[in-house]
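This briefing covers pockets, helix packing and disulfide bonding. Please have the sequence and the model open while reading.

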Amino acid sequence: MNGTKLAHVLMTLSFIMIMAGGVSSFVLGLKEDRLETQKRISVVNNEFEVLSTNTTVFENVRDELYNKVLSNVYYDTFYKDDEKVKEKLSNYENLVDELEKTTLKLNDLCKDVYYPDMETNTKCSNYKSIYEQVNNYFVGDIAVYNKNVDKYNKDQESKKSTLIIDKYKTKRDYIDYNGDNKIEGKED
């Protein structure tokens, strides 16, 4: 009988140890998962901060572009200033490219994920609209510039001048990035 009691005690002790190990493993897994989620929340917040900062820079460059370039189109200096203007437009497009890179990172971080932090979830639901507006503002601004180029070139052709300017070329087009069936930032 002592052998059976010992066997029962050892089996019960083994069962308790296995259960304790399983619970311990589960708790450690939850802790690791929580730490990984916190790290990911931090990365989302940092990337969104980069997006916000670059959006502010974009807005400032856009304001300057309108105040100093697009609103001051004079045919007598248009040809002479063309190279400088195209350089500014290229830098302007580079800002949109940088915003696109950050947006792609946020796509990976926010896709099919719900975070325990509401602020992070709000950022994940807003970044697409921000990028859509920035891209579409850029496309619209280039359209305005290219209309000015067309008007300038028609004026030059009527004068039989050879001082013709090329339009600014971009591969960007209007987008509905957030999928709401509205093209935010596009002016009619």
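A pocket here is an open set of points on a 1 Å grid over the protein atoms alone, where a 1.4 Å probe fits, with protein on both sides within 12 Å along at least five of seven lines; lining residues have an atom within 4 Å of a point. Grid points are joined across faces, edges and corners, and a volume is the space filled by probe spheres set on the points. The model is predicted: local features need pLDDT of at least 70 and side-chain atom pairs count only at pLDDT 80 or more, while totals for chains, interfaces and linings use all residues. Residues are numbered from 1 along each chain as its sequence is written, and side-chain values use heavy atoms, with hydrogens and water left out.

**Second largest pocket**
- The second largest pocket holds about 180 Å³ of space.
- Its lining has 13 residues, with G140, A143, V144, Y174 and E187 closest to the centre.
- Helices are DSSP runs (H or I, at least four residues) numbered from the N terminus; α3 (118–158) and α1 each supply at least two lining residues.
- The largest share, 7 residues, comes from α3.
- By class, the lining has 5 nonpolar, 3 polar and 5 charged residues (nonpolar: Ala, Val, Leu, Ile, Met, Phe, Trp, Tyr, Cys and Pro; charged: Asp, Glu, Lys and Arg; polar: the others, Gly among them).

**Largest pocket**
- The largest pocket holds about 240 Å³ of space.
- Of its 15 lining residues, K68, V69, N72, D81 and V85 lie nearest the centre.
- The elements giving two or more residues to this lining are α1 (2–70) and α2 (75–110).
- α2 gives the largest share of the lining of the largest pocket, 7 residues.
- This lining divides into 8 nonpolar, 2 polar and 5 charged residues.

**Packing of α2 and α3**
- The axes of α2 and α3 lie 10 Å apart at an angle of about 160° (axes are lines fitted to C-alpha atoms over the stretch in contact, and angles run from 0 to 180 degrees between N-to-C directions).
- α2 is therefore roughly antiparallel to α3, a term used for angles over 145 degrees.
- The contact of α2 with α3 involves 20 nonpolar, 4 polar and 8 charged residues.

**Disulfide**
- The structure holds 1 disulfide, defined as a pair of cysteine sulfur atoms within 2.5 Å.
- C110 is joined to C124, S to S 2.0 Å.
- The S-S torsion of C110 and C124 is about -65°, so this disulfide is left-handed.
- Because C110 lies in α2 and C124 in α3, the pair ties together parts 14 residues apart in sequence.

Technical notes: Angles under 35 degrees count as roughly parallel, over 145 as roughly antiparallel, 65 to 115 as roughly perpendicular and the rest as oblique.
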